[in-house]
Amino acid sequence: MTEVNRPARVGGWTRFVTARPRLSLLVALVITALAVLAGSGVADRLGSGGWEDPDAESTYATKALEREFPASQPNLLLLVDAGDASVDDPAVASEARRITARLAGEQGVTGVGSYWQADASAAPALRAEDGREALIAARITGEEKEAGETLDRIAPEFRGAHGPVEVSVGGPVAVRHEMQTTIQEDLVRAEVIALPVTLVLLVMVFGSAVAALLPLGIGIVAILGTNAVLRGLTEVTDVSVFAMNLTTALGLGLAVDYALFIVRRFREELATGAEPLTAVGTTLRTAGRTVLFSALTVAVSLAAMLLFPQYFLRSFAYAGIAVVLLAAAAALILLPAALILLGHRVNSLDLRRLFRRGEPRPPAPHPGTTEGKAWTRTANLVMRRAPFFALGTTAVLVLLGLPFLGVKFGTADDRQLPSSAESHVVQQHIRDGFPGSPGGGLDVLAEGRATQAQYAAYKHRIAALPEVLRVDGPLVKDESAYFTVLPKGEAVDDPAQDLVDELRATPAPFDTKVTGAAAVLVDSKDAIAERLPLAAAFIAIVTLLLVFLLTGSVLIPVQAVVLNALSLTAMFGAVVWVFQDGHLSGLLGFTSPGSIETTLPVLMFCVAFGLSMDYGVFLLSRIKEEYDTTGDHEQAVRHGLQRTGGLITAAAVILAVVMVAIGTSRVTNTKMLGLGIALAVLMDAMIVRSLLVPAVMRLTGRATWWAPGPLRRFHTRFGLSEGESTPAPAITPAPEPDKVSAHG
């Protein structure tokens, strides 16, 4: 393609999306209605797990034990509280045995056992140290959805008072089910909070109720469309329920970003006296290209999560890519059609004007005049003191990120739920009062023919390991057996993880595979560490390429990647300081497990990096447009910050509001995601885009735009930019040290 061809191509797109605006909107309405039908019930088909590596040794061992020894992998625990009596009291024991027998008779339940039926070696782990509580353990069969339905059916029959005892329902299946239900309820509340607040903020930004409704419409289309995509994906793969939160957050947030950018540019063009059709054409040739590039950079960051094996991460990639592309498509197809129909009524505060024809044109004020002056003063100050702002902001961001050096990785458990949640209460009682919690140890699966003497010798070897408290078993079935190893410390602390490696290294006359919470954590960390360099390289390389195609500069893409990564330090530092170390846990209403779930930093990096690139593209595209027109580097930076500083800040505040609404969730991982991303977005918009980027661009001067000859020719042929003009001759000058160091 050449520069000569671009206007015709873009002009053709403008004619396409504005030729039949009413028909376009009607088709969009029909498609949205179909998406509502297609996506109905999607939340009920989503899973609440997915943190483990499906190809790991621990996953294989868990599935084999579930198949061969269902009683070894209980996922349902009934906590029997005898009150002031002892669990060995005859009346208590009699009632507990009756409950155990009833549970064993339930359809979909297998492997039922209890303290009152256990052998001498297993009984101590099922009885509280104070003698007033004991456990009934069982396994609910079936996939997650089927297991949840079984739990819903049987839990009301067993929960509550039964003669002399009180029964509470817990265990992994109850934790997962309660987490899924809580997330669905919290998501509805977040939407109820976010939508009206977002609308009010948009009215304040635009000064127009009509313009404020457009981003919300784009967001709703993107969210409903993504729900339909996720519903389709559940037919072929597992999808995490947590992805629903990202759908809502990015659907609203990016729709606001893209619609703000397009509507703002459209109103600027109207303010110059342009007719609506001309204004839409200019907007699509300029802001429309920026939105397209922005969507691609965000999608690339999210696509990196597809490289990881955990379906928890892959689910966020599915949801994120779908909602980003749908938001961009709606902004580039439906929004121009709506703007053509609205014309100058887009500036109206009175919604009734939507239904009037032939109304006199209200004066379209040039948006951001006062605001632009403030941002011009900010740009001038930053560029005059560029070394101070560059070093100062970098130092602050690095300092805020220091707590992340002490990060400890763990697994998601019941402490993700509120402290009042029944399954959390049950597990907390087990942690506090029981000598060995079911599921808290390590299971060693032994496969292959062996004699009792060989099993005994192996048991003796692993019992002698320094971190082993007790070894139970083996329980033998055909040519398989398993041992239960109880670590001395916590279930997933560092000694327990070291014990996993020691068990795997212990020689045996049969094949051994280790599972359990610590083993799952070790395998998950290994899987992430193995794929992380590839994911980081993928994000960096594709981002460098996209930003080069936008700017034609070699230095700007490198700056974008480095400064975007730097903008995330505050988020990671805050995550550790708050959610791992427990600061502000009372204020924010969560229980700190003392660690960060392994996949969360990867997820938060991909999402926050993509959103940072979103704002970076908005700023750089406007700077590039001005530089192509004037060839004046410092004036281009001032102009770009003047025209987009307020826009980026407004978009960041609105997105932060949406993320904070998500962060009101009672599930800790969702709270961490929402509040962490909100902080990252605000830091990026208010610190990095407003201070650090202008300061760095001032220091690099016109060398910012340098590129070698072959790359210049590549950009001329394949690159795109926001501006329509031919690049100024000064776009690829040799560095001029005197101007780089001069005052602006």
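1. Buried here means under 20% relative accessible area, exposed over 50%, and partly exposed in between. The model under discussion is a predicted one. Asp88, at 43% relative accessibility, therefore counts as partly exposed. Arg127 has 25% relative accessibility and so falls into the partly exposed class.

2. The side chains of Asp88 and Arg127 form a salt bridge, with an N to O distance of 3.5 Å. Asp88 sits in the loop between β1 (76–81) and α4 (90–104), and Arg127 sits in the loop between β2 (109–114) and β3 (133–140), so the bridge ties together parts 39 residues apart in sequence. Across the whole structure, a search finds 31 salt bridges.

3. Another salt bridge pairs Glu422 with Arg159, whose closest N and O atoms are 2.8 Å apart. Glu422 belongs to helix α13 (residues 422–433), while Arg159 is in the loop between α5 (144–158) and β4 (160–162); the pair therefore ties together parts that are 263 residues apart in sequence. Arg159 has a relative accessibility of 39%, so the residue counts as partly exposed.

4. Are the two partners buried or partly exposed? Asp186 is buried, because its relative accessibility is 3%, whereas Arg189, at 31%, counts as partly exposed. Elsewhere, salt bridges with shared partners link Arg264, Arg265, Glu268, Glu269, Arg622, Glu625 and Arg643 into one network.

5. On helix packing, the axes of α7 (residues 209–233) and α10 (residues 311–342) come within 8 Å of each other and cross at roughly 145°. The crossing of α7 and α10 is right-handed. What classes of residue make up this contact? There are 22 nonpolar and 2 polar residues, and no charged ones.

6. Helices α17 (residues 555–567) and α22 (residues 668–700) pack at about 145°, with an axis separation of 11 Å. This crossing, too, is described as right-handed. From α17, the contact involves Leu555, Ile556, Gln559, Leu563, Asn564, Leu566 and Ser567. The α22 side supplies Met683, Asp684, Val688, Arg689, Leu692, Val693, Val696, Met697 and Thr700. By class, the contact of α17 with α22 comprises 10 nonpolar, 4 polar and 2 charged residues.

7. The largest nonpolar core contains 155 residues. Those with the most contacts inside this core are Phe242, Tyr258, Val324, Leu339, Val346, Leu603 and Ile677. Which helix gives the most to the core? It is α10, with 18 residues. A second, separate core has 36 residues, among them Leu79, Leu135, Leu151 and Val167.

8. Residues up to four places away in sequence are not counted in what follows. Val346 touches Ser208, Val210, Ala211, Leu214, Val263, Phe266, Arg267, Leu270 and Leu339.

9. Ser524 is in helix α16 (residues 517–551). Its relative accessibility is 3%, so Ser524 counts as buried. Which residues does Ser524 contact, leaving aside neighbours within four places in sequence? They are Trp51, Gln310 and Thr598. Of this group, Gln310 is 214 residues from Ser524 in sequence, with a C-alpha to C-alpha distance of 8.1 Å.

10. Pro466 is placed in the loop between α14 (452–463) and β8 (468–477). At 51% relative accessibility, Pro466 counts as exposed, because the cut-off for that class is over 50%. Setting aside residues up to four places away in sequence, Pro466 touches Lys488 and Glu502. Pro466 and Ala56 are 410 residues apart in sequence, and their C-alpha atoms are 25 Å apart in space.

Terms used: Residues are numbered from 1 along each chain as its sequence is written. This is a predicted model: local features need pLDDT of at least 70, side-chain atom pairs count only at pLDDT 80 or more; totals for chains, interfaces and linings use all residues. Side-chain values use heavy atoms; hydrogens and water are left out. Axes are lines fitted to C-alpha atoms, for helices over the stretch in contact, and angles run from 0 to 180 degrees between N-to-C directions. Helices (H or I, at least four residues) and strands (E, at least two) are DSSP runs, numbered from the N terminus. A crossing is left-handed if the near helix is turned anticlockwise from the far one by less than a right angle, and right-handed if clockwise. Ala, Val, Leu, Ile, Met, Phe, Trp, Tyr, Cys and Pro count as nonpolar, Asp, Glu, Lys and Arg as charged, and the others, Gly among them, as polar. A nonpolar core is a set of buried Ala, Val, Leu, Ile, Met, Phe, Trp, Tyr and Cys residues joined through side-chain atoms within 4.5 Å. Buried means under 20% relative accessible area, exposed over 50%, partly exposed in between (1.4 Å probe, protein chains only). Contact means heavy atoms within 4.5 Å. A salt bridge is a side-chain nitrogen of Lys or Arg within 4 Å of a carboxyl oxygen of Asp or Glu.
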